[in-house]
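Hello,

Here is the structure you will be working on. Please look through it first, then read the notes below.

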Amino acid sequence: SESSFLLGNAQIVDWPVVYSNDGFCKLSGYHRADVMQKSSTCSFMYGELTDKKTIEKVRQTFDNYESNCFEILLYKKNRTPVWFYMQIAPIRNEHEKVVLFLCTFKDITLFKQPIEDDSTKGWTKFARLTRALTNSRSVLQQLTPMNKAEVVHKHSRLAEVLQLGSDILPQYKQEAPKTPPHIILHYCAFKTTWDWVILILTFYTAIMVPYNVSFKTKQNNIAWLVLDSVVDVIFLVDIVLNFHTTFVGPGGEVISDPKLIRMNYLKTWFVIDLLSCLPYDIINAFENVDEGISSLFSSLKVVRLLRLGRVARKLDHYLEYGAAVLVLLVCVFGLVAHWLACIWYSIGDYEVIDELTNTIKTDSWLYQLALSIGTPYRYNTTGSGQWEGGPSKDSLYISSLYFTMTSLTTIGFGNIAPTTDGEKIFSVAMMMVGSLLYATIFGNVTTIFQQMYANTNRYHEMLNNVRDFLKLYQVPKGLSERVMDYIVSTWSMSKGIDTEKV
């Protein structure tokens with residue numbers, strides 16, 4: 001069974017606890033989170049039966065940075081009094097300065113006079129002794145003789161503790177808060193996986209909705225209708241889950257009260273999430289729907305782009321990583337180009353045929369594209385009496401995306417160019433947006449790469465300074481090589497970290 005110990009910071013007033021092992025948590029009944037930053041004197045465990053003289057001696061030991069041991073009566077978290085054998089040992093650094101206090105504890109209640117508390121008043125001494133023995137089985141296990149191998153292991157463990165090895169001092173993790181059974185923690189594995197699924201479906205929505213609206217894809221395709229309906233259902237389920245998911249309050253605490261969760265969600269994202277989940281496709285699926293209403297609901301599908309608000313909620317987790325920001329900026333650039341391509345095609349499709357006179361505008365970019373790729377528009381005089389032909393939808397989308405990409409990246413080859421007034425107005429607006437987007441994205445890319453290579457630049461600058469120094473003072477070649485070897489090897493171990501500064 002493990003020893004029970006605390007580590008306290010000797011450099012700060014009242015010597016706050018910086019680490020508590022599992023043995024102490026089991027012995028005292030306190031969670032690690034309860035103990036952290038409390039005084040290493042264990043004053044939070046004092047009670048009415050704790051001897052005042054012993055408390056004063058413990059205080060003096062800490063004040064004088066001494067090594068000492070005491071028998072002291074302390075109280076567990078449930079206020080059960082227990083006798084402890086407490087040992088205090090100061091830990092010094094290489095400059096002989098006390099930096100930590102190591103406090104070890106052993107339960108010696110078994111060897112002391114049985115304690116009379118409120119729960120045992122009126123008991124006989126034998127009954128109290130029996131209860132003390134029953135509660136101290138773990139102590140009896142600790143007191144069993146150890147063989148030599150075990151003794152050596154204990155000493156090596158203590159040495160590791162004194163050296164503060166990373167394996168003996170694990171990272172401090174806060175204990176997960178207790179929540180009602182129907183409430184989900186916002187950082188649990190299930191919620192994290194679900195959030196990733198929602199983000200992927202959000203990007204699917206952001207790509208497909210503008211394409212379907214502008215290119216007027218037929219909604220009688222059952223496969224696409226079923227897929228979009230499934231996506232809508234998943235987003236509705238997400239709304240339900242958000243009513244049962246914890247959130248972080250203004251003070252940094254995890255809020256798990258169902259009423260507060262519901263009020264918070266209703267006041268923030270509920271309306272936006274609900275609008276983005278309405279089943280616009282199902283209305284278009286029915287036959288004999290008025291064309292105006294059908295096109296209205298087809299356009300209303302753009303409201304689904306409000307789902308991008310879910311991406312905004314997650315951005316703050318990844319903005320500290322340079323690579324993540326780079327990928328995000330590229331995705332934003334591609335998504336904006338896709339949206340503008342859809343709008344560019346919609347303008348061309350609206351203007352290429354004049355419905356009043358049933359004539360085609362030869363100056364439209366769609367007409368020019370149709371001629372250049374050999375699929376011209378033709379007027380069907382025998383059948384429907386309407387204009388037919390023209391490029392395929394795939395070719396139209398690729399050409400639209402090509403034009404918006406060349407405009408946004410300020411290249412502009414001119415082989416696809418705006419000719420009508422509507423196209424020119426849109427192109428001017430796109431160039432304004434594109435210049436800002438281009439400057440923002442590539443400005444950030446430059447900053448990210450500078451940060452990535454900042455450490456390397458510092459390393460080479462330092463080497464050049466040392467070489468110049470060695471040349472200036474004519475240091476002998478052998479010594480110069482040793483100096484350079486020392487600097488290079490030190491850097492490879494420390495990675496340029498200034499230990500004293502840290």
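**Notes on the model**

Across residues 396–416 the chain is 62% helix and 0% strand, with 12 Å between the end C-alpha atoms. Bear in mind that this is a predicted model.

That stretch is one of those which UniProt, in an unreviewed entry, lists as "transmembrane region"; the record gives residues 194–213, 323–347, 396–416 and 428–449.

As background, side chains of opposite charge can pair when their charged atoms come close. How many salt bridges does the model have? The count is 4. Three of them are described here, among them the pair Asp14 and Arg59.

**Asp14 and Arg59**

These two side chains form a salt bridge, with 3.2 Å from N to O. Asp14 sits in the loop between β1 (4–9) and β2 (17–20), while Arg59 belongs to helix α3 (residues 52–63), so the pair ties together parts that are 45 residues apart in sequence. Is Asp14 buried, exposed or partly exposed? Asp14 has a relative accessible area of 34%, which makes it partly exposed. Arg59 is partly exposed as well, at 35% relative accessibility.

**Asp22 and Arg32**

Another salt bridge joins the side chains of Asp22 and Arg32, at 2.6 Å from N to O. Because Asp22 is in helix α1 (residues 22–28) and Arg32 is in helix α2 (residues 32–35), this pair ties together parts that are 10 residues apart in sequence. Asp22 is partly exposed at 42% relative accessibility. Arg32 stands at 19%; buried means under 20% relative accessible area, so Arg32 counts as buried.

**Lys77 and Asp34**

Helix α2 also holds Asp34, whose side chain meets that of Lys77 in a salt bridge of 2.9 Å, N to O. Which parts does this pair tie together? Lys77 lies in the loop between β3 (68–75) and β4 (81–92) and Asp34 in helix α2, so the parts joined are 43 residues apart in sequence. Both residues are partly exposed: Lys77 has a relative accessible area of 40%, and Asp34 has one of 25%.

When you open the model, you could start with helix α2, since Arg32 and Asp34 both lie in it.

Regards

Technical notes: Residues are numbered from 1 along each chain as its sequence is written. This is a predicted model: local features need pLDDT of at least 70, side-chain atom pairs count only at pLDDT 80 or more; totals for chains, interfaces and linings use all residues. Side-chain values use heavy atoms; hydrogens and water are left out. Helices (H or I, at least four residues) and strands (E, at least two) are DSSP runs, numbered from the N terminus. Buried means under 20% relative accessible area, exposed over 50%, partly exposed in between (1.4 Å probe, protein chains only). UniProt positions are given in the numbering used here, feature names are shortened, and annotations may be inferred rather than shown by experiment.
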